[in-house]
Amino acid sequence: MNKNYYITTPIYYPSAKPHMGHAYSSIVADFFARFKKMEGYNVFFLTGTDEHGQKIQRAAEKNNKKPLDFCNEISKTFLDLTKTLNLSNNDFIRTTEKRHHNSVQKLWSILESKGEIYLSKYSGWYSVSDEAFYLEDEIEEKNGIKLAKQSGSQVEWLEEESYFFKLSKWENKLLELYNNNENFILPKSRRNEVVSFVKSGLKDLSVSRKSFSWGVQVPTNKEHIIYVWLDALTNYISALNYPNTDDNLYRNYWPADLHMIGKDILRFHAVYWPAFLLAADLPTPKRVYGHGWILSGDEKMSKSKGNILDPIEIVNEYGLDPLRYYLLKEVSFGNDGNISKDKLISCINSDLANNFGNLCQRVLSFTEKNLSLKIPENYYFNKDDLNILNNFTNNYENLIQNINNQNINAYMNFIVENMFLANKYFNDQEPWKKKNDIKRLHTIIYTSLELIRKISILLYPVIPNSSLKALHIFNLDEKNINVDSIKDNEFLKPNLSINKIKILFNKINNDD
Ligand code: MSP
């Protein structure tokens, strides 16, 4: 069985510092990367920055900086964010790196040598903000300004000599790809959008620009630079050392298991990218998931709209794990979601502090008083104990499937429900009244500890720091946790000492 798993985030434009939307894509991807690791996969998780093109060149000019100096500065803030968000990425690629440059030029040369690229002239609408070409019927006019309907960003008329990629030629092959692999594009609703876009007829795609210079040169024509999306998408293989297809990274990890992206860039990933790959005779990725947007009010959060929420401020104020928990639990995955401080505080107070944190503290102090922090040996499960413990065993396959279908919502519901049930179990069993029945007392403690262990393991991809603090109770660490072990009801070895831990989450006073 292939136990490798390759997951990517979009590479972000370093045109301004990161906002909550970027943090969201990265946290979601990290969630899957960590789960897969815990399932025993060799995970390769890639993120980075997309540094070429007119958008970046203009942003640099506006700041009176050379493009590379500007990118160095802002790309660093994205790199720093990977640390702030505790991402488990294995690499951080920048498209201004030599390794990437070589890879893009090689891909171009292959496409050109296969007759997939030809020189002609582009005339049409272009949005620098989206780095995208638009057809006449994709444009609308508001207050005398021409805008792309889909993104609302301003477009400008462009007329210049350009190389074209024969996208139209790949229409049927793309439809075949979608047909043969129903889950190539998820969620389903987005798949339908893409399929009808392709069915409506594809035009050849302009893949070079002449009027500015910030990018990778076309190897055979120094006047042209390669279209930033062809450049950017290649990051997914240049990080695996493409064109060296004998390289272990490429051999082990391509095709990618999952490109996690926002719905705004689905067309590039689900149409253009597989078409480039098919044309170059390279394998296509296994899945593209287009998640929803984090809205600010009713609008997509973006720099150009000036409505951004800074993830670093939220992390500083409330902590990282509460933010991760909130985004994964409260934003219905696949749909748009809002971030509200009230809901964030309620997640911290009720789910994290009252429910999970409190369970850990109560069970630990009870174990300390009654068993001097030793795992009980005298346990004998009854129906009530098995009922709750087996919840994990019985739902194990479902949980794995939820992850494989990117169903974060079902995964989170399972955790929330079981945190509640575990607390209820401890309350209902009233171990403090069982001092004369040692066997029962031991069994309740043992069961409660097992529940804490299982829940903490499931929480690892969601709130890794807090989960590891909780798992320290049992001397478990990142290297020796496996999700498989939640099926084991007798994982904890009798008589072993357990550790006390500090309070995991402090409640927040909502009136502050
Ligand atoms: N550079 C391109 C991607 C190239 S990938 C080969 C790009 N960059 S971006 O910085 O504009 O943002 C990319 C991604 O950030 C979006 O697809 C999405 O994943 C995330 N988000 C940006 N704003 C967002 C929200 N408001 N909400 C959620 N995610 C959004 O496009």
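Reader: Hey, what's a polar side-chain atom of Ser25 doing around the ligand, like, how far is it from an oxygen atom there?
Author: That polar side-chain atom of Ser25 lies 2.5 Å from an oxygen atom of the ligand. Keep in mind that this is a predicted model.

Reader: Okay, and what about Asp50, how far is its side chain from a nitrogen atom of the ligand?
Author: An N or O atom in the Asp50 side chain is 2.7 Å from a ligand nitrogen.

Reader: How much of the ligand does the protein bury?
Author: The protein buries 95% of the 660 Å² that the ligand exposes when taken alone.

Reader: Which elements give two or more residues to the shell around it?
Author: Those are β1 (4-12), α1 (20-38), α7 (228-233), α8 (235-238) and β14 (258-262).

Reader: And which residues come nearest to the ligand?
Author: Out of 25 residues around the ligand, the nearest are Ile11, Ser25, Asp50, Gly262 and Ile294.

Reader: How does that shell divide into nonpolar, polar and charged?
Author: There are 13 nonpolar residues, nine polar ones and three charged ones in the shell.

Reader: You mentioned α1. How many residues does α1 have, and how far does it reach?
Author: Helix α1 has 19 residues and reaches 26 Å from its first C-alpha to its last, close to the expected 27 Å. The chain then comes to Gly40, which follows α1 and has a positive phi, near 100°.

Reader: Why is α1 said to be largely enclosed?
Author: Because 18 of its 19 residues are buried, α1 is largely enclosed by the rest of the structure.

Reader: What about α16, how far apart are its end C-alpha atoms?
Author: The end C-alpha atoms of α16 (residues 438-459) are 31 Å apart. With 22 residues at 1.5 Å a residue, the helix should span 32 Å, which agrees. Helix α16 is mostly covered as well, with 20 of its 22 residues buried.

Reader: Switching to sheets. What's the order of the strands in the open sheet of four?
Author: The order is β5-β4-β8-β10, and the pairing is antiparallel. The edges are β5 (132-134) and β10 (205-206); each has a single partner strand, so one side of each is left without a neighbour in the sheet.

Reader: Got it. Over how many bridges do β8 and β10 pair?
Author: Strand β8 (residues 156-165) pairs with β10 over two bridges, in the antiparallel sense. Within this part of the sheet, Phe164 stands opposite Ser206 in β10.

Reader: And the sheet of three strands, what order is that one in?
Author: That open sheet runs β11-β13-β12, with antiparallel pairing. Its edge strands are β11 (208-209) and β12 (217-218), and each pairs on one side only. Strands β12 and β13 (residues 221-226) pair over two bridges, and Val218 has Asn221 in β13 as its bridge partner.

Reader: What's the phi of Asn475, and of Asn495?
Author: Asn475 has a phi near 60°, a positive value in a residue other than glycine. For Asn495, which isn't a glycine either, phi is positive at about 80°. Asn475 is in the segment after α17 (464-471), and Asn495 is found in the segment after α17 too.

Reader: Are those two buried, partly exposed or exposed?
Author: Asn475 is partly exposed, with a relative accessible area of 46%. Asn495 counts as partly exposed at 40% relative accessibility.

Reader: Last one: where is Cys347, and is it buried or exposed?
Author: Cys347 is in helix α13 (residues 341-371). Its relative accessibility is 1%, so Cys347 counts as buried.

Reader: And how far is Cys347 from Lys507, in sequence and in space?
Author: They are 160 residues apart in sequence and 9.9 Å apart in space, going C-alpha to C-alpha.

Terms used:
Residues numbered from 1 in each chain as written. Predicted model: local features only at pLDDT ≥ 70, side-chain atom pairs only at ≥ 80, totals over all residues. Heavy atoms only, no water. Near = heavy atom within 4 Å. Polar contact = N/O pair within 3.5 Å; in protein donor to acceptor, adjacent residues only side chain to side chain. Areas by Shrake-Rupley, 256 points an atom, 1.4 Å probe, with all protein chains shown as cover. Nonpolar A, V, L, I, M, F, W, Y, C, P; charged D, E, K, R; others polar. Expected span 1.5 Å × (residues − 1). Buried < 20%, exposed > 50% of the residue type's maximum accessible area, 1.4 Å probe, protein only. Pairing = 2+ DSSP bridges.
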